[in-house]
Every structure is written in structure tokens, then in C-alpha cells.
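Here is a short tour of one protein model, written for someone who likes to follow along in the viewer. Please keep the structure open as you read.

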Amino acid sequence: MYDLVIKNARVFDGSGRAAFYADVAVTGDRIVKIGNLGRVEAEEVVEAGGRALCPGFVDLHSHADMTVFRDDHVDVLKPLVMQGMTSFVGGNCGMGMAPLGGRNRDSVRQYIEVFTARDLSKENIDWNNMSEFMDHLEKKGTLLNVGLLAPHSIIRLDALGLSSEIAGEKDIDYMEGLLDECMQAGAVGLSVGLQYYPGSKSDSYELLRLGRIVGRHGGVLAAHLRSYNETLPQAVDEIAEIAKRNGINAQLSHIMTVPKLNAVTRRALKGVIQAYEKLPIKLPVDFEMRRIMDRVRNHEKDGIKIGVDAMPTTVGFTHLFAFMPPWALEGDMPTVMKRIADPATRRRMFKSIMNGRNIWPHRIDEHYNMNYFKQLGFDAFRIMSVVSEENKPLEGLTLVELGNKRRKHPFDAACDLLLEEDGHVLVFGTFAEPGARMTEESLYAALFDPDVSITTDTILMGFGRSSELFYGCYPGYLKRYVREKKLISWETAIRKMTALPASMMNLKDRGEIREGAFADMVLFDMDRIGSDATFFNPNVAPQGIERVYINGSLTVNRGE
């Protein structure tokens, strides 16, 4: 007798092939039979009535690992499973919760706390390395399946501390040892955050050496690239070369293109974006993304397997410190905060921002690539989250609006906010108004490429504002681009959310509906599935998700 049988479902198996009607039987945590099963005995029989059944959505680029260890993680991460997500891969952008450091544990702790805005000494942390972290999660249990990448920035911090030096042979030997331990514990690969300090200070030799360890374990190199603007081609080539020389797969994280702008061209482009809203026809505004995707495909012709993922949103998000000159971030947190508080040093920081240029490979302090204050302007950034109750009303304001409110230059207002919040400030970033048509269409070449995974980049911490992706990424994509705009087929869209990301991260028996696979499944109504979540109103539950099963267990039932 089966534990569960779903009868008469329209099955999208994740492979991209045409959907078919079948019964699906589950025993334990596995799918054991697919076909016309007739009258069967089962603990539970669910009549699908022709509704769609697909694999659970797999998010290969998430930061939910920064929350999943917490006692309250079920409440905080609930929006993910409500939209049909059954698995995520954390440890992205070089950031993660393990290993916690041996040589420079204080540096590692401070780096993590900037992101989580939580005092790790007060958390229920009983691990030091990746193996112990995984044991902790296994013991406590998790709301959904968790895969982990070894975080390069954390490993580098432990080796060199908060230093900008090029890693020496002994430092790289130490990093190799830590990475090897992570891979042996079960990490699916290495993640790098090459725009962020201190990952931005690594050179290609360091990454080549670490890639050797990844290759030894058959893992993947997931890369937040060194650049997403005019030097994006070089950034893609850098990762492709590391992957090629080590015989490993690469994954290019949250692909996007940032225009090269100055004060004059910013005003001009904003006018073009506003005019485009009223244009009755669609123009090929994704030409730059097409150029990048062609470059990726050319590398693949050389035998390199390169995956790409994209977020279906016009608004990115990260911590406010990310946009400061790297030299200002060296040292421990009190040292950094002292620099930001000092008027003379603050003026020097502003001068670095205004004088910086995009010079590859972006390791010179004055020419760092994350200088989006200069490139996009201060009005491109909105406050995503703060910790103090006094400043909660500021969430949602642009830095220009913050400056106007406080009668200060936006940069001074941003620095003062960092001081008030002990550095714990996250921000949204978008050049135009959130949801601008031209910005959205500039992503089309990636959003509809059959070999580009769809991802959320989840940062759910239990405070601050959310992105609409955290509540409705996958249902929203299916509604907007498949059902309404008809820009991509159901089969291809579902593959981009299931089997494709699972295969890129080597998640065995995930992302597919087939006999022998884990019973991660979503039953949904094709006429109703969708999300009304928007940038300005993100915390909205999706529609049309009937049931979500994780490892055969019913996790979501009709919105509950």
C-alpha cells in the first residue's frame, strides 16, 4: 500500500518535455510509481482533477542559511514554502554561517553580524566547522531542504583577517584546508562574492587554487561576479577560465547589467525610461544581456559548463557597507565605525567615491567596482531594513529622501544612519522606479533563456522590508510571463525552477517528478497560480498553490 497517491494530475516532470496526465504514488519520501494506477490502496488519495503537479521549486541562490539555524526559522522562512519552494542552496556570495573561524574568529563573527544584525554570542550556536553546522541543522530539523556552499569570503577572513593583501602561499594553503573540510562535510561547492570586500581583494591565482579543491570533490563554483557593468565580459571570462582549468562547473549568480552613467547620462536615461513606459511597442532593450549570454554560450562551446541564474525583479538588495570604498572597511568594526564618524575621513571616503573609475580587475581601492553611488546616484538606493525602532519609519526612503529629511547630503545621511544602527543597514537598489518596464525588459534575454535558472536571492531576517520575490517569485513568474504574456511555455518555465537548478548544484534526485526521486511536489491551479506581491506591497501570499509536499510530507495545504 502506498502512503500517498495523487490521481489524475497534469504532470510537468521538470525535464521540459510536454506535460502528461498520470497518477503519482509516494512511499516514504520517494516517488515510487507514475502512470495510470487505477484503483489503488493508499493512506491518502488526493484527486487532482487535472490540476498541475510539478517538482518543488529549487532556489540555487539564497541567503536563507543565515536564518535557517534559528529557533524561529519556520515563521521567518514560511513565505518560501508557501510559494512552492522545497529546496534552497545557501552560502552564496561568499557569505555563510560556517566555518566560523579558527585563526580570526572575531573577524568572521563581525562580518556575519553586519549581515544578520544579530549578536552571534547570543545565538544557539554549537558549531565551528561546516560538518558541525550540518549536524546542527539535521538535529534541529529544517522547514525545507538545505544545500550549502562553502563561503569564500568567510574562509578568506579566517586566513587573512580583515586585510586587503594578496594572499600568500601559506594563506592559500590554509584556505585550501578549510575548503577541503567543507567539501568533505557535504558542501556542494564554493561560492565567491568578488564585488564585496574582502572577496574583491582575491586574485585569479587564489581562485584557481581553491577551484582545484572544488574539482577534487566534483563541486560547483558559484560566483557573484567581480563586475556587472562595462567590465562584465572580463568578469565572465575570469570565472570561465577558472572553471576550465580546474574541470569544474560554474554558476554565474543573479546575472544583471549595470549601465555606465554619469550625472548627465543618468538624467537622460531616466527620461528615456519614463518615455518607454508609454511606448506601444517593445524594443530590444535587452541587447546588453543578449551580448553577455552569447559570451557564456561561446565559453560553453569550449567545453565549459556554465550555469546562469536571474531574479525576476528590477530591484536588487544588499548591505549598505557594500558601496563604501574598500579601504574604509579594513579592520574591526569599531575601527570602521570610527572612520565613518570622523569628518575628515568621511570626506576622504566621498572623494574616493567621486574619483573612482571602473578599472579591471577592481582591486585598487579608488577603483572598486561596487561604487554604485557614483554610477547610479544616491537616489537609486532605498532603505530596506534597520534594527532600531526609532529609525523604522525610514525604511522605504531613498538616500536622497533621507538626506532631505535630515537636511544633509545623502552620503552624510547614509553614514550617520550606519552609526546609529551599528552598521546594520540593508538597502534596495534600482536605477529607475521599481517595476519600470524598460528595466524589466532589459532582463528578458536571461529571464526566458531555457538554461537560466530563476532565483530569489532570499534575505529573510524577520525584520525590515521584504522583496516581492520572497513571497511570490515562482508563482509570480508563472502568472506574468507564462499565463498572461505567453513569453515562455509552462514546461520550460518549470524546468528553469526545478530540474535545471537542481542539476547545476548536483542535488541528486531533486527537481524532478520521476520514479525514485524525492517526493518534493507542488500541486497548483494553472488558471489561478500567481502573486500580487509588489515592491511597495511585498508581503502578500500567492494564489493557486493547492498543496506542497517536501520529502513526501504535506507542508502547505490550500494556503495554510
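Predicted model: local features only at pLDDT ≥ 70, side-chain atom pairs only at ≥ 80, totals over all residues.

Let us begin with an open sheet of three strands, in the order S6-S7-S8, where the pairing is parallel. Its edges are strand S6 (57-59) and strand S8 (145-148), each of which pairs on one side only. From one strand to the next, the twist averages 15°.

Strand S7 comprises residues 85-90 and pairs with S8 in the parallel sense over four bridges. How many residues of S7 are buried? Six of its six residues are, and the strand is mostly covered.

**Methionine 82**

Methionine 82 lies in helix H1, which spans residues 73-82. Its relative accessible area is 11%, and methionine 82 is therefore buried, the cut-off for that being under 20%. Which residues does methionine 82 touch, leaving aside those up to four places away in sequence? They are Pro542, Ile545, Val556, Gly559 and Glu560. For a sense of scale, methionine 82 and glutamate 433 are 351 residues apart in sequence, with 28 Å between their C-alpha atoms.

**The six-stranded sheet**

A second open sheet has six strands with parallel pairing, in the order S9-S10-S11-S12-S13-S17. Strand S9 (150-151) and strand S17 (452-454) stand at the edges; each has a single partner strand, so one side of each is left without a neighbour in the sheet. Within this sheet, strand S11 (residues 220-224) runs parallel to strand S12 (residues 249-252), and four bridges join the two. Look for alanine 223, which stands opposite leucine 252 in S12.

Now for the helices. Two packed helices are described by the angle between their axes and the distance between the axes.

| Helix pair | Angle between axes | Axis distance |
|---|---|---|
| H5 (residues 169-185) and H6 (residues 204-216) | about 30° | 10 Å |
| H7 (residues 232-246) and H9 (residues 287-301) | roughly 20° | within 10 Å |
| H13 (residues 399-406) and H14 (residues 410-420) | about 85° | 8 Å |

Take H5 and H6, whose axes pack at about 30°. That angle makes H5 roughly parallel to H6, because angles under 35 degrees count as roughly parallel. H5 passes H6 in a right-handed crossing. On the H5 side of the contact are Glu169, Ile172, Asp173, Met175, Glu176, Leu179, Asp180 and Met183, and these meet Tyr205, Glu206, Arg209, Leu210, Arg212, Ile213, Val214 and Arg216 in H6. Sorted by class, the contact of H5 with H6 has eight nonpolar, eight charged and no polar residues.

Leucine 179, in helix H5, deserves a visit of its own. Is leucine 179 buried or exposed? With a relative accessibility of 0%, leucine 179 counts as buried. Not counting residues up to four places away in sequence, leucine 179 touches Ala150, Ile155, Leu190, Leu210, Ile213 and Val214. Between leucine 179 and asparagine 124 there are 24 Å from C-alpha to C-alpha, at a sequence separation of 55 residues.

Next come H7 and H9, with axes that cross at roughly 20°. This makes H7 roughly parallel to H9, and their crossing is right-handed. Leu232, Pro233, Val236, Asp237 and Ala240 of H7 make the contact with Arg291, Ile292, Arg295, Val296 and His299 of H9. By class, the residues of this contact divide into six nonpolar, one polar and three charged.

The last pair is H13 and H14, which pack at an angle of about 85°. H13 is thus roughly perpendicular to H14. From H13, the contact involves Leu399, Val400, Leu402, Gly403 and Arg406, and from H14 it involves Pro410, Ala413, Ala414, Asp416, Leu417 and Glu420. The contact of H13 with H14 has seven nonpolar, one polar and three charged residues.

Notes: Residues numbered from 1 in each chain as written. Heavy atoms only, no water. Pairing = 2+ DSSP bridges. Axes fitted to C-alpha atoms, helices over the stretch in contact; angles between N-to-C directions. Parallel < 35°, antiparallel > 145°, perpendicular 65-115°, else oblique. Left-handed = near helix turned anticlockwise from the far one by under 90°. Contact = heavy atoms within 4.5 Å. Nonpolar A, V, L, I, M, F, W, Y, C, P; charged D, E, K, R; others polar. Buried < 20%, exposed > 50% of the residue type's maximum accessible area, 1.4 Å probe, protein only.
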